Amino acid sequence: MTQPRRIIIDTDPGQDDAFAILLALASPEEVEVLGVVAVAGNVPLPLTQRNARIVCELAGRRDIPVFAGCDAPLKRKLVTAEHVHGVTGLDGPPMVEPTMALQGQHGVDFIIDTIRRAPEKTITLCPLGPLTNIAQAFLQAPDIIARVQEIVLMGGAYFEVGNITPAAEFNIYVDPEAAEIVLKSGVPAVMMPLDVTHKVIATRARVEAIRALGTNVGRVAAEWADFFERFDVAKYGSDGGPLHDPTVIAYLIAPHLFTGRFINVEIETQSELTLGMTVADWWGVSNRAPNAMFIGDVHAQGFFDLLTQRLGRL
Ligand code: BDR
Ligand code: CA
């Protein structure tokens, strides 16, 4: 039997982040969650670290260490997304305040220490929000860069272009300098852009399958999906909301569900008009060296079957 991948989830929950955390915690055969690090993104840090603890408690995993990382992007003012996720970031079903403690250590220090202590190339980073914490860890401790096994992240877009601006996807837009550092670091990277996440639509039938689990986790998750869909349904006319972030974890569990291309991806950090755009050389028209596996397609029903089956374990 192969060992589970040892992962750190870096996140700004977010209902779709919550699905990703739950999927990871329900999948111990494939992934071992060493810690969850919150970052400012969808909502400010005091809420994302609170929400991360709510999700761990919902999964019955008060033992998972949750850390607070950076409260603002490297160089810019924080942009948030309450218009998508609600004022708490986890709007939908009423949630009780978490009682499990937040770790005292800074999330960036946790990332650095964990990678330094582990054998080389045995830690996978799973960023589900702006890349601030990861970039900050690389800036503070460049020695860890060569020790990271892989980064599997949700961010960017090529064919779908932008969701927060006409040109940029939210996670990259919020901290483009951080994204640039990560993509230029040389760490093997897999990106889940909107091109693929807009294919995993939580349709009515799929949400009802989750609700029909008949568990507390199934009910809460379905109610999150009910709340989360209104933004994308209104904007794109889709038949439900896209579950962006759990694609990262699903890729670690079932990579055969996904296809992509190993290509060059650069981040726009200068232009006001296209700030945070992921300039993805999908068609290989530049001679710039490939630096990321850019995922373009997914077996959507396979993804939802996996997600639903795993949520049913919690
Ligand atoms: C990304 O932005 C956030 O709103 C979601 O949680 C996801 O990580 C999608 O653009
Ligand atoms: Ca997120």
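Analyst: Gly14 sits in the loop between β1 (5-11) and α1. Helices (H or I, at least four residues) and strands (E, at least two) are DSSP runs, numbered from the N terminus. A cis peptide bond joins Pro13 to Gly14, with omega at about -5 degrees. This is a predicted model: local features need pLDDT of at least 70, side-chain atom pairs count only at pLDDT 80 or more, and totals for chains, interfaces and linings use all residues. Residues are numbered from 1 along each chain as its sequence is written, chains are lettered from A and ligands numbered from 1 in the order in which they are written, and side-chain values use heavy atoms, with hydrogens and water left out.

Two of them link distant parts of the chain: Asp17 is in helix α1 (residues 15-25), while Leu128 is in the loop between β4 (123-127) and α5 (132-140), 111 residues apart. Are these two buried or exposed? Both Asp17 and Leu128 are buried. Buried means under 20% relative accessible area, exposed over 50%, and partly exposed in between (1.4 Å probe, protein chains only).

Next, the loop between α4 (107-117) and β4. Lys121 lies there. Its phi is positive, about 55 degrees, although Lys121 is not a glycine. Lys121 is partly exposed, with a relative accessible area of 45%.

The term means a side-chain nitrogen of Lys or Arg within 4 Å of a carboxyl oxygen of Asp or Glu. The structure holds 17 salt bridges. In one of them, the side chains of Asp143 and Arg116 meet at 2.8 Å, N to O. Asp143 lies in the loop between α5 and β5 and Arg116 in helix α4, so the pair ties together parts 27 residues apart in sequence. Asp143 is partly exposed, at 41% relative accessible area. Arg116 is partly exposed too, at 41%.
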